[in-house]
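Here are a few exercises to work through with the model open beside you. Try each one before reading its solution.

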Amino acid sequence: MSATTRTSDYSLQTRLLTAVSVLLTLFLGLTGVVLDRAFRSSVEAGVAQQLQVQLYVLLSAVEEDNGQFYFLEDLREPRFSQLNSGLYALVSSPAQQELLRSPSALERNFDDLFGRWAGLGRGETFFAREVAADGEEYFIAAYGVVWENGEDQYDFVVMESTGTSVAEINNFRASLWSWLGGVAVLLLVLQLLLLRWGLSPLRRLAEDLKRIESGASEQLTGAYPLELRPVTENLNLLIKTERKQQARYRETLGDLAHSLKTPLAVIAGVMNGLSEKTAAAPAAVNEEQIRTVEEQLERMNQIVGYQLQRAVKSTGSTALARRVDVLDVARRILKALQKVYAERQVEVVCDIEPGLVFLGDERDLMEVLGNVLDNAFKYGGHWLAISARVTQVPSRQLSIVVEDDGPGISATHQEFVLQRGARLDTLVQGQGIGLAVVTDIVGSYGGQIDVGTGQRGGARIQLVFQNFQTTDITASRS
Amino acid sequence: MRLLVVEDQSLLRQQLVLGLTRHGYVVDDAADGKAGLYFASEFAYDAAIIDLGLPLLDGISLIRQIRAQGKTFPILILTARGDWQDKVEGLDAGADDYVVKPFQLEEILARLNALLRRAAGFAKSLIEFGPIALDITSKRVTLGGLGVELTAYEYKLLEYLMLHPGQVVSKTELTEHLYAQDYDRDSNVLEVFVRRLRQKLDPQDTLHPIETIRGQGYRFRTDA
């Protein structure tokens with residue numbers, strides 16, 4: 001039950017769409033992350049560069065006198081002078097003691113930040129992003145300096161609150177992701193439209209099939225794309241074959257019903273006569289009447305047999321045909337028949353080119369060869385020959401000839417045999433149904449049957465088919 | 001002659017069993033392939049009639065398995081569809097002849113006779129040894145060209161012996177092939193039949209066509 005539900009939910013469009021969505025999400029997500037990181041590091045590099053410049057500004061604006069540091073002039077960067085501007089300057093001693101700070105930093109507490117740049121060598125720079133005790137985050141740039149004529153090293157430090165850069169990064173991030181999301185939605189919608197457009201022939205096929213099912217249409221007629229054409233062509237063929245088969249069933253049934261009526265009428269007549277006679281004189285039930293009923297029963301049996309074989313044989317369509325090895329089929333039938341007619345001691349000459357392939361139903365070829373060869377065994381003498389070869393005249397065709405050395409088929413019977421699809425109720429009493437079936441099958445493949453007299457005076461049946469192939473035996477066996 | 005009939009349609013099976021029994025055969029019947037295989041494995045038959053469309057084990061497989069057991073008795077197949085694929089497959093599997101349904105009992109009898117004869121190595125329906133001649137088809141026996149009146153059992157006994165000429169046939173084998181299963185094997189009926197046959201076939205007591213091999217059975221002399 002669950003299996004059926006799953007099958008009915010299975011959609012090509014959903015599948016493709018899901019796959020594309022997953023792929024798109026992965027691709028756009030990865031792109032976003034990479035862009036975000038690149039932007040952040042570029043912002044940080046910018047800040048580092050700026051702080052380096054500010055450090056030089058600080059260096060040039062600070063003077064020392066006996067270990068006391070003071071600002072020579074107003075710092076050129078106004079943000080150093082504005083309280084809590086976000087840009088702060090510090091000078092610290094080697095013992096990590098604060099010696100000077102810019103006016104902007106007067107209210108800030110950097111106590112736990114000291115030491116982060118400890119151990120800085122002379123002329124070395126330090127850059128980091130650190131969080132102060134009050135939760136404020138700073139970019140910190142420090143520079144180790146030894147004053148002229150002095151020995152002590154002082155660290156010049158410039159700090160900038162990360163707030164501005166974070167806001168900048170956040171802005172970028174927001175716009176980046178909204179753009180990427182927009183692109184994703186757009187691509188998905190486009191993809192959906194593309195899929196619907198691309199898969200529309202399949203939908204059309206389904207609709208066409210539904211129309212055929214409802215009887216509104218006979219064939220798949222629309223112009224289908226190249227990739228679907230093998231499917232639609234084969235479907236059309238299948239539908240056609242099915243139709244033919246159906247038609248034949250109907251025809252067979254009709255023929256059957258029709259041809260059974262005659263013998264039934266005869267029997268009914270005999271029974272009628274019998275009941276009248278037995279009433280008058282019971283001994284009058286004579287041999288002849290019994291024989292008539294028996295004959296009619298045999299006839300009915302033949303009719304049923306013939307129509308049955310006609311109904312089950314394939315349509316003879318070569319397009320959906322299978323490949324049947326002629327030599328193999330003939331050998332199997334000959335082996336079987338030699339068993340059945342073991343006592344006849346028939347000399348069999350089998351001259352079939354190896355590699356001949358009949359394109360059609362194996363059952364049909366078997367029925368044809370079986371009936372023809374059976375007749376040759378049954379009515380022939382002690383010799384029969386079967387040959388199969390490709391002839392070039394009048395055109396390239398497969399010719400199968402079966403000959404025997406029996407009395408042959410009389411001219412009147414020859415004529416009958418050549419009537420295609422002759423109904424059995426038009427048949428001479430006692431005539432077998434074998435060749436009638438053969439004629440029918442050969443005809444359905446567009447082949448020909450020819451009945452004549454062979455070189456030894458017996459029957460010679462020639463079957464001609466167009467639906468064959470020759471294969472290189474070594475190739476087909478490898 | 002003991003026959004095995006494997007056919008699933010009970011009416012047809014009964015008709016066959018009845019008809020064959022009336023014509024002097026001992027018949028075992030099975031309604032499906034598995035039962036058929038059991039009978040074929042357990043008992044010695046002279047021939048079998050097997051329908052191709054059987055439940056449990058289809059006819060073709062049944063024939064293959066019987067042949068795989070090394071049983072060589074002739075097999076006649078019954079086919080309803082009558083197409084060559086069926087026939088060829090059945091014969092390929094190891095059957096010896098086929099009959100297409102519906103059929104007349106006469107046809108089955110004729111085919112059976114031919115198969116039994118062939119299995120015994122005789123090309124004709126008339127088997128002759130010296131002045132004694134037996135026609136399997138008409139079931140008539142002549143001595144020097146004159147008809148010999150035999151009862152059904154006497155005929156069956158002689159037919160079996162003449163189809164196995166020169167071979168020692170044990171009493172058990174004879175009993176199995178001539179009588180239905182529940183026959184009392186200890187009875188001396190066989191001896192009585194043999195004695196009567198000898199009297200009828202050799203009234204002057206000069207030919208001695210049936211030899212008694214002490215402790216082993218009987219043998220039909222080919223130089224009688």
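**Exercise 1.** Leaving aside its neighbours within four places in sequence, which residues is Ala48(B) in contact with?

*Solution.* A quick word on the model before we start. It is a predicted one, where local features need pLDDT of at least 70, side-chain atom pairs count only at pLDDT 80 or more, and totals for chains, interfaces and linings use all residues. Residues are numbered from 1 along each chain as its sequence is written, while chains are lettered from A and ligands numbered from 1 in the order in which they are written.

Step 1: two residues are in contact if their C-beta atoms, placed from the backbone, lie within 7 Å. Step 2: on that basis Ala48(B) touches Leu3(B), Leu4(B), Val6(B), Ala40(B), Phe73(B) and Ile75(B). Step 3: Ala48(B) also belongs to the largest nonpolar core, which has 100 residues. Such a core is a set of buried Ala, Val, Leu, Ile, Met, Phe, Trp, Tyr and Cys residues joined through C-beta atoms within 7 Å. Buried means that 20 or more other C-beta atoms lie within 10 Å of a residue's own; 12 or fewer is exposed, and in between is partly exposed. Together with Ala48(B), the residues with the most contacts inside this core are Ile333(A), Leu369(A), Leu3(B) and Leu161(B). H7(A) gives the most to it, seven residues. Step 4: apart from that core lies another, of 27 residues, including Val62(A) and Phe156(A).

**Exercise 2.** Which helices of chain A each supply at least two residues of the side that touches chain B?

*Solution.* Step 1: 14 residues of chain A are in contact with 14 residues of chain B. Step 2: the helices to pick are H5 (287-312), H6 (326-340) and H7 (362-379) of chain A. Helices (H or I, at least four residues) and strands (E, at least two) are DSSP runs, numbered from the N terminus. Step 3: H6(A) brings the largest share, five residues. Step 4: sorted by class, this side of chain A has five nonpolar, four polar and five charged residues. Here Ala, Val, Leu, Ile, Met, Phe, Trp, Tyr, Cys and Pro count as nonpolar, Asp, Glu, Lys and Arg as charged, and the others, Gly among them, as polar.

**Exercise 3.** Which residues of H3(B) are buried?

*Solution.* Step 1: list Gly59(B), Ile60(B), Leu62(B), Ile63(B) and Ile66(B). Step 2: they cover an arc of only 160° around the axis, so they sit on the same side of H3(B); the arc is that of the directions from the helix axis to the C-beta atoms. Step 3: their cover includes strand S1 (2-6) and helix H2 (33-42) of chain B. Step 4: after H3(B) comes Gly70(B), with a positive phi near 85°.

**Exercise 4.** In what order do the three strands S10, S11 and S12 of chain B form an open sheet?

*Solution.* Step 1: the order is S10-S12-S11, with antiparallel pairing; strands pair if DSSP finds at least two bridges between them. Step 2: S10 (168-169) and S11 (210-213) of chain B are at the edges with a single partner strand each, so one side of each has no neighbour in the sheet. Step 3: S10(B) pairs with S12 (217-220) of chain B over two bridges, and Val169(B) stands opposite Tyr218(B).
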